[in-house]
Amino acid sequence: MSARTLLLTAVAMLAFAGNSLLCRLALKTTQIDPATFTNLRLLSGALMLALLLRLRQRGFPVGGSWYGAAALFIYAAAFSFAYVSLDAGTGALLLFGAVQISMLLWGWRQGERPSSASLAGLSLAFAGLLVLLLPGASAPALAPSLLMLIAGAAWGAYSLLGRGNSDALAATTGNFLRCVPIAILLSLVLTYSARWDMAGALYALASGALASGLGYAIWYTAISELKAIQAATVQLSVPIITALAGSLLLGEALTLRLSLSSLAVLGGIALVLGARQRAKA
């Protein structure tokens, strides 16, 4: 892996973690509501991606599909509403755990038969999520936890729908642009609860334009030089980065439950990925 690819990958992972931190920061410390945050995030992300696509080429052939846009919107909306109550680290663990597990289950349903090591890893990851969700003093609230699991499954579906795209930037731009009217409709339906302030709006714009739009563009540049196993494994760092940053920046507790659950989920997924790599060798 070249130094350039390593740098781009590190920046992309920080951007992914930044989405969780910015969303939690906005919904915890400002007046903005989750629907407005989602609206501004998707709008600013669409504008940033459209600008990048326009700078890359003279024409403006966007790609994507309405199915991809629907999955992206479900992810973004459920993500925002979940972070009204969840800590940044807990939310990131649930999100990325659900992403990986949903994609592994889809592969299984499509005929990919896992090895015994893969089954052990998948079971360990499921157990880690269950440990996090079991009732107790440090357990996250069930409703937002389920929302974040839905967000993860939707992001997994979005990733699966995007496989095979010859132009990832054009496809992502098209999906973001299609999401904007859906997000506006959500805000109109929830007008009665709409509220925002300048700080919350700036966090949402940063999440959309920088952590989402620019972050995704950087990731798609880096991923072209990564092996699939490297791309999948490196994303396991995001919940850890988010939990540490949430503790430092937001004063969130690094509980024993979260630590043990993180080890189980990330270890289980790493076991699956390692087994897959050995099978290809």
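The largest nonpolar core holds 65 residues, and those with the most contacts inside it are Tyr75, Phe79, Tyr83 and Met148. Such a core is a set of buried Ala, Val, Leu, Ile, Met, Phe, Trp, Tyr and Cys residues joined through side-chain atoms within 4.5 Å; buried means under 20% relative accessible area, exposed over 50%, and partly exposed in between (1.4 Å probe, protein chains only). Helix α3 (residues 66-82) gives the most to this core, with 10 residues. Helices are DSSP runs of H or I with at least four residues, numbered from the N terminus.

The model is predicted: local features need pLDDT of at least 70 and side-chain atom pairs count only at pLDDT 80 or more, while totals for chains, interfaces and linings use all residues. Residues are numbered from 1 along each chain as its sequence is written, and side-chain values use heavy atoms, with hydrogens and water left out.

Phenylalanine 79, leaving aside neighbours within four places in sequence, is in contact (heavy atoms within 4.5 Å) with Asn19, Ser20, Cys23, Arg41, Leu95, Met148 and Ala151.

Glycine 111, with a positive phi near 110°, follows α4.

Phenylalanine 126 lies in helix α5 and is partly exposed, at a relative accessible area of 35%.

Methods
Helices (H or I, at least four residues) and strands (E, at least two) are DSSP runs, numbered from the N terminus.
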